[in-house]
Every structure is written in C-alpha cells, then in structure tokens.
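Q: I'm new to this one. Can you put it up and walk me through a few spots?

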Amino acid sequence: MGQDQTKQQIAKGLQLYQSNQTEKALQVWMKVLEKSSDLVGRFRVLGCLVTAHSEMGRYKEMLKFSVVQIDTARELEDANFLLESYLNLARSNEKLCEFHKTISYCKTCLGLPSTRASAQLGGQVSLSMGNAFLGLSLFQKALESFEKALRYAHNNDDAMLECRVCCSLGSFYAQVKDYEKALFFPCKAAELVNDYGKGWSLKYRAMSQYHMAVAYRLLGHLGSAMECCEESMKIALQHGDRPLQALCLLCFADIHRSRGDLETAFPRYDSAMSLMSEIGNRLGQVQVLLGVAKCWVARKVLDKLGQLKLHCLSESIYRSKGLQRELRAHVVRFHECVEETELYCGLCGESIGERNSRLQALPCSHIFHHRCLQNNGMRSCPNCHHSSMKPGFV
C-alpha cells in the first residue's frame, strides 16, 4: 500500500470513527498498519489507534500502539514525530495510573530539541504531567504544571487545551476541598465548549458536565449534580466512552449516598468497580472502595472489629503522608477500639488482630500472644489471676 492509498484509508477510518462505527474504523486502520510501507502513514495510523483505544478504555492496547509508534518515530528520525509519540506514551501510562513513568516520559518530551510541534504539544505535555502529579498528591507541582498548560493554551489560542486544563483544575480543587473553585473551572470549560466547540467532539461537553456534577455534589446541590451527570453519561454511552461511563457511575453512586439512598448507591458502586477494573483505572477503584466504606459507616453497621481495621488502615495512610493531626486522631480511635474490644495482650500490651500472630487462650478465655505466655513465669492469668495457666480447649 503506497502513500496515497494509505492517506485514503486513514481518512476512511476517521469518517467511520466519527460516525461511531468504532470497530469498523479499527479494522480499516489495522489493515493500513499491516499493508502500508509508508512510514509517515504508519505513524499517523498508530496515532489514530492510540486515541481510539484511549477513548474505549483499552489502556493496555493504547500503550502497545504507543510503543510501536515510538519505534516508527525513531525510524523517521524526526523530532516532531518523536515528541508526539513520547507524549502518547506518557498519556498511556497516565491512564494506567503509572504516574512516575508518565512524569519521566513528559520530561523526555520537554528535553527534546525545540521544533514547530513543541508549541502545539508543549501544553499537552504540561497537562499530562500535572495530572500525574495530582495522581501522586503532589499538589504544588500539579498546580505549577496546570498553570504552564494554561499559558500554552492562551498563547496559542488553543481553546480545546484550555477546556481540558479547566477540567483537571476542577479535579485539583475538589481534592484540596475548595468546592467553589472545583465548580468554577468546569463551568469555564462548559463555556468554552458553548463558545468555540461547534466542530469539537461531544466528549468535551461530556467531560465538563461530569466535573460540574462532582463539584455540585460536593456543594450539596444534588439535583444539579444528577442533571449534569445524566447528560455526561448520555454522551458517554452514545460514543462508547467507557472510562467516562465508569466515572459517571461512581458519581451517580456518590449522589445517591449523599441523599441517604444507600440501597441505590451500592449497585452503582458495584457497576463502577466492575468497569474500573476492566479498563485498569486503579485510582478509580480506590475511589469506589472509599465510597462503599462511607456507605457502611453511614449505615452504622460497621462492627467494632471493622472500625478497628478502618482506623488501622487510616493510620498507615496518614503516617505515610506525614499528616500528623489526622494521624493522631486515628491512633486515639484505634486504641479506644482496642480497649472496647479487649483485643490486646495483657502481658506485652500490644493489640491483637492487627497482624498475623500465634495466640493462646487460657481456660478463663483471656487471650495472649503464645510467645508472651512462654516467656512469662507467672502461675496465674495476668488479667483475672485465675489459678490455671494450662491452655484452654480453644
């Protein structure tokens, strides 16, 4: 397949893709990849395959085609192609929540010689890096990258890029709990779609509506949140955008939880988890689990052992993040639960049930670490002073 025929087939695939005939488009592009000898054409079709698999949530396939595209760019020995392919590699790893790799590939992009593509793609590199920093909870670095991306967008009159950055800023401010700004930026994105988005993909409208839904829920405007989320989900279903469908399902579940309708929330969390697992969104899976945990807490049916485990998990999270105030609060609650459940060894004072350890029950039903009883010379139970130290039946 020569250069002209390659171009025609790529255009044919794009027409099919834009009319939501995604599988047919993929078949056309795969045939081009198999038969074309034109390196530039192969590079372009690989870019189409990367984008299509990204929007379908097939992130591992997206990564596979990004790697092939890098090899093609190296054969072409063109810095513009190399920049584009490294950006696709960064995005693929961002979708798979491999944030350290994303940052590394973005830095590679920024280290390449300045070309005409640098001005066009530099903002997208900064945006991807910002999303990765946000995924790692490195908020200052994330904000710095988003500001750079906005500067690129304004300097190059790139309203599409500005729209995407505004949505990411919505996520940023939702995480740091400035809910007014978490709403302001997606609303700004929606304005950009209305003003400039006549020829844009509907995914930009869907994306802004989803982020507005998240902010409205956090502000307690649940009716507006549901309305925005329904519109976003409608577009996601029309276009087969599985990643956005998963996020909308999570948002629906959160809205129902906020309304106190836990019976409706649980199945939506289940559906969100199933889709998040299928596409490989690990960060989304964590958010689903947090939502489910909040449902159980709201139901007030979490038993003492469940509370103990919850505080133990929270303690380890806050310790790793160095958040001392939150850490102290969960340490106190953890020890209160230990006291209430009497799940501690009366000899060494350490909690029982926090980690795997060999235990021994006495006839009086008090439980101790086996090693503590062996090393202790006492002839009666340290707790109740029962005279027998022989092991009980259990």
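Q: Which residues is Ser232 in contact with, leaving aside its neighbours within four places in sequence?
A: Ala206, Gln209, Tyr210, Leu244 and Cys248. Contact means heavy atoms within 4.5 Å. This is a predicted model, where local features need pLDDT of at least 70, side-chain atom pairs count only at pLDDT 80 or more, and totals for chains, interfaces and linings use all residues. Residues are numbered from 1 along each chain as its sequence is written, and side-chain values use heavy atoms, with hydrogens and water left out.

Q: Where is the place of Ser232?
A: In helix α12, residues 222-239. Helices (H or I, at least four residues) are DSSP runs, numbered from the N terminus.

Q: Is Ser232 buried or exposed?
A: Ser232 counts as buried, because its relative accessibility is 0%. Buried means under 20% relative accessible area, exposed over 50%, and partly exposed in between, with a 1.4 Å probe and protein chains only.

Q: Switching to α5. How many of its residues are buried?
A: 14 of the 17, so α5 is largely enclosed by the rest of the structure.

Q: How far apart are the end C-alpha atoms of α5?
A: They are 24 Å apart. The expected span is 1.5 Å times one less than the number of residues.

Q: What is at the start of α5?
A: A side-chain oxygen of Asp78 comes within 2.7 Å of the backbone nitrogen of Asn80.

Q: And just after α5?
A: Cys97 takes a positive phi of about 65° there.

Q: What phi does Ser137 have?
A: A positive one of about 60°, although Ser137 is not a glycine. Ser137 sits in the loop between α7 (116-135) and α8 (139-155). At 31% relative accessibility, Ser137 counts as partly exposed.

Q: What about the phi of Lys177?
A: Lys177 is not a glycine, yet has a positive phi of about 65°. Its place is the loop between α9 (159-175) and α10 (179-196). Lys177 counts as exposed, at 62% relative accessibility.

Q: New topic. How much space lies in the second largest pocket?
A: About 180 Å³. A pocket is an open set of points on a 1 Å grid over the protein atoms alone, where a 1.4 Å probe fits, with protein on both sides within 12 Å along at least five of seven lines.

Q: Which element gives the most to the lining of that pocket?
A: α14, with three residues. Lining residues have an atom within 4 Å of a point. Among them are Met56, Arg58, Leu96 and Arg242.

Definitions and conventions:
Helices (H or I, at least four residues) and strands (E, at least two) are DSSP runs, numbered from the N terminus. Grid points are joined across faces, edges and corners, and a volume is the space filled by probe spheres set on the points. A polar contact is a pair of N or O atoms within 3.5 Å; within protein, one must be able to donate a hydrogen and the other to accept it, and residues adjacent in sequence count only if both atoms are side-chain atoms.
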